[in-house]
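Thanks for making time. I'll take you through one structure, starting with a helix and then moving to charged pairs.

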Amino acid sequence: MILHHTPLLDIRDLCVQLTSRKGTTFIVDHVSFTLNASETLGLVGESGSGKSMTALALMGLIDTPNLHISGSIFFKGQDLLTLPEKTLRSLRGKEIAMIFQDPMTAFTPVYTIGWQIDEQIRTHEKLTRKQARARTLELLSDMGVPDPIRTADRYPHQLSGGLKQRAMIAMALSCRPSLLIADEPTTALDVTVQAQILELMVKLRDSYGSSIVFITHDMGVVAETCDTTLVLYSGRVAEYSTTATLFADPQHPYSQALLTSIPPMNGPRPARLPTISGMPPTPFTRPAGCAFAPRCPRVQNTCTIKPPPLVSIAPQHNVACLQPWVCSDD
């Protein structure tokens, strides 16, 4: 685990355990990381790796009876998992906010965009309707929304994907939260709008001093926006390091595979990009040893016996691989 001085967020051995007719298994399996103020951490991995479930646990939005959360989530020194629901509700939106993956389903369709942002502001701050609306319009303007007054009076279905995403970011930042969780905020947007959204988030992080947990499967986005990166595979941490270290010297074969799947920025372009063979396991089909072993080109017999522990191989560089030196091309 990467250690910082007085981190804003300190997650230790977070587990989300699922119980069903098939038995009991871990959706999120002992995930740990820290995040300092004004920093951005990238949570990366394929679909089903546990990224969004980690974020929902952090927000306290998991209330399904067959899901059990354990471990600790320290935010500003408080363990969120021990707080009553009323206290958590007061933190959501004000101290911790989330940009959901699909703004169309995150917004309530029967209320205008402006009304929904106004409501969040007035829920957490003692402002009049007029004052709340003034802040809403200011936020929409800061997000680069053209004609904020007209946009605020529109319903979600009347806006394009890019405008809905900007409105979602405006709502998330309406109370200037200390922690912003962005769950693939650029999904389904064209590359021009993606670039604008990413630039906007970096600018707002610098302006408001918020920390960001950026959930994505796009390693290019990680390289552009994140200070540290946590690679998840089948609910477990595969590698955790500074982003610069991860891109310069990835030690886990899964991290290497993700990076080689990106088109090169310079040099000759390959006729076909490398792919990762096979499919990620489901929580109930996870192998006994390393979860990546069935797809790993460098698998050894020891990899199939037990899950590898997450160990430090260098300052601020942790990897869950039984032979991390084997995973390097050096």
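Which residues in H7 are buried? They are Gly162, Leu163, Lys164, Gln165, Arg166, Ala167, Met168, Ile169, Ala170, Met171 and Ala172. Buried means under 20% relative accessible area, exposed means over 50%, and partly exposed is in between, with a 1.4 Å probe and protein chains only.

Some ground rules. This is a predicted model, where local features need pLDDT of at least 70, side-chain atom pairs count only at pLDDT 80 or more, and totals for chains, interfaces and linings use all residues. Residues are numbered from 1 along each chain as its sequence is written, and side-chain values use heavy atoms, with hydrogens and water left out. Helices (H or I, at least four residues) and strands (E, at least two) are DSSP runs, numbered from the N terminus.

Back to H7, residues 161-172. Of its 12 residues, 11 are buried, so the rest of the structure largely encloses H7. What do those buried residues pack against? The partners are E6, helix H3 (103-106), H4, H5, strand E7 (179-183) and helix H8 (191-208). Contact here is heavy atoms within 4.5 Å.

Now a geometry check. The expected span of a helix is 1.5 Å times one less than its number of residues. For the 12 residues of H7 that gives 16 Å, and the end C-alpha atoms are 16 Å apart, which agrees.

On to charges. Side chains of opposite charge can pair when their charged atoms come close. We call it a salt bridge when a side-chain nitrogen of Lys or Arg is within 4 Å of a carboxyl oxygen of Asp or Glu. The structure holds 11 of these salt bridges.

Take Glu95 and Lys76: their closest N and O atoms are 2.8 Å apart. This pair links distant parts of the chain, 19 residues apart. Glu95 is in the loop between helix H2 (85-91) and strand E6 (96-99). Lys76 is in the loop between strand E4 (67-75) and strand E5 (78-79). Lys76 is partly exposed, at 46% relative accessible area.

Next, Arg135 and Glu125, with closest N and O atoms 2.9 Å apart. Arg135 lies in helix H5 (residues 129-142) and Glu125 in the loop between helix H4 (113-124) and H5, so the pair ties together parts 10 residues apart in sequence. Buried or exposed? Arg135 is buried at 16%, and Glu125 is buried at 18%.

Last, a network: salt bridges that share partners join Glu85, Arg89 and Arg92. Within it, Glu85 pairs with Arg92, closest N and O atoms 3.2 Å apart. Glu85 is partly exposed at 38%, while Arg92 counts as buried at 17%.
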